[in-house]
Amino acid sequence: MSDSSSKVSLKLSTDRKIQEELKRSGEIPTHIAIIMDGNGRWAKRRGLPRVAGHREGVKSVRDVVEACAQLGVKYLTLFAFSTENWRRPKEEIDTLMKLLIRTLRSETEKLHKNDIKLMAIGDIDSLPKEVRQELREAMEKTKNNKRMVLNLALSYSGRWEIIEAVKEIAKDVKRGKIKVEEIDDKLFSSYLNTAGIPDPDLLIRTSGELRISNFLLWQIAYTELYITDCLWPDFRRKHLYEAIRDYQRRERRFGMISEQIKKKGLNGNA
Ligand code: IPE
Ligand code: IPE
Ligand code: MG
């Protein structure tokens, strides 16, 4: 074995050890959602154009997706483009869309080989035709994969999603398909883009901003929040492990008191 390849395999086995430790030390979140923020600032600090940050951010996506699949995370939702992001300068939007097309093209095969299913939430119809086409093909190819769902939020906003759900529910009430009395949490959730996906256990936001920016408003009612100053292009698997460790130290009480949680064994983290 050459010197460099033995170094790589040492790094690999160290990583696997860390993952095994994480799995032993507590519950691995079933669903992780990430607000991938700070690409522009990362680039600016280096005197580079904003797009350089977005490009580097793709490397973070690759590393985090791979690590999540290896850890046994079942759903990973990434906020890639918000409804509000359409307000950015046209050149930036164009570059982001091109980067999305290129990334979908180059990564789909790898996702498929790793048994990962690609999904998308958001106003997909508002995306450029080429993006829609790449997305459609990637989703079709990976639709039967079982290991993990990679869910991309594109042209997504929580309020938009809630309003769309309300409109559909109203239509179904009018048609007599459902009764007003039947509307509850469960029914409402089934009208969201995320129908069938459990609510996120852990929401990570990079780059230190203390806000939700219209992401998964309904779904994060009881999600654990983790905000790090690390900018998205610098965020790699070791930062993800840190976030999961932090999550494992918490007690999720869902409105109850600590003793009830312990007695019922409800808290997977304890
Ligand atoms: C996140 O990084 C990527 C998108 C919103 C598409 P930003 O582009 O928001 O980077 P900052 O927040 O300006 O640093
Ligand atoms: C949130 O980041 C959206 C994405 C990460 C895609 P923004 O950079 O758009 O959020 P604000 O505008 O700072 O709240
Ligand atoms: Mg930002």
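**Exercise 1.** How far is an oxygen atom of ligand 2 from an N or O atom in the side chain of Arg88? Then list the other polar side-chain contacts of ligand 2 with Arg211 and Ser213.

*Solution.* The model is predicted, so local features need pLDDT of at least 70, side-chain atom pairs count only at pLDDT 80 or more, and totals for chains, interfaces and linings use all residues. Residues are numbered from 1 along each chain as its sequence is written, chains are lettered from A and ligands numbered from 1 in the order in which they are written, and side-chain values use heavy atoms, with hydrogens and water left out.

Step 1. A polar contact is a pair of N or O atoms within 3.5 Å; within protein, one must be able to donate a hydrogen and the other to accept it, and residues adjacent in sequence count only if both atoms are side-chain atoms.

Step 2. For Arg88 the distance is 3.3 Å. For Arg211 it is 2.7 Å, and for Ser213 it is 2.6 Å.

Step 3. The protein covers 79% of the 390 Å² of accessible area (Shrake-Rupley method, 1.4 Å probe) that ligand 2 has on its own.

**Exercise 2.** Which strand gives the most to the shell around ligand 2?

*Solution.* Step 1. A residue belongs to the surroundings if one of its heavy atoms lies within 4 Å. Those around ligand 2 include Phe79, Ala80, Phe81 and Ser82.

Step 2. Strands (E, at least two residues) and helices (H or I, at least four) are DSSP runs, numbered from the N terminus. Strand 2 gives the most, with four residues.

**Exercise 3.** Describe the surroundings of ligand 1.

*Solution.* Step 1. Ligand 1 has 13 residues around it, and Asp37, Gly40, Arg41, Arg50 and Arg88 are the closest.

Step 2. Helix 2 (39–45), helix 3 (50–71) and helix 4 (90–113) each supply at least two residues of this shell; helix 2 gives the most, with three.

Step 3. Oxygen atoms of ligand 1 lie 3.4 Å from a backbone N or O atom of Gly38, 3.1 Å from a polar backbone atom of Asn39 and 2.8 Å from a polar side-chain atom of Arg88. The protein covers 87% of the 380 Å² of accessible area that ligand 1 has on its own.

**Exercise 4.** How many aromatic pairs are there? Classify the one formed by Phe79 and Phe215.

*Solution.* Step 1. Rings of Phe, Tyr and Trp (its six-membered ring) pair if their centres lie within 6.5 Å; planes under 30 degrees apart count as stacked, over 60 as edge-to-face and the rest as tilted. The count is seven.

Step 2. Phe79 and Phe215 are 4.3 Å apart centre to centre, with 10 degrees between the planes, and are stacked.

Step 3. Phe79 lies in strand 2 (residues 75–82) and Phe215 in the loop between strand 5 (202–205) and strand 6 (224–227), 136 residues apart.
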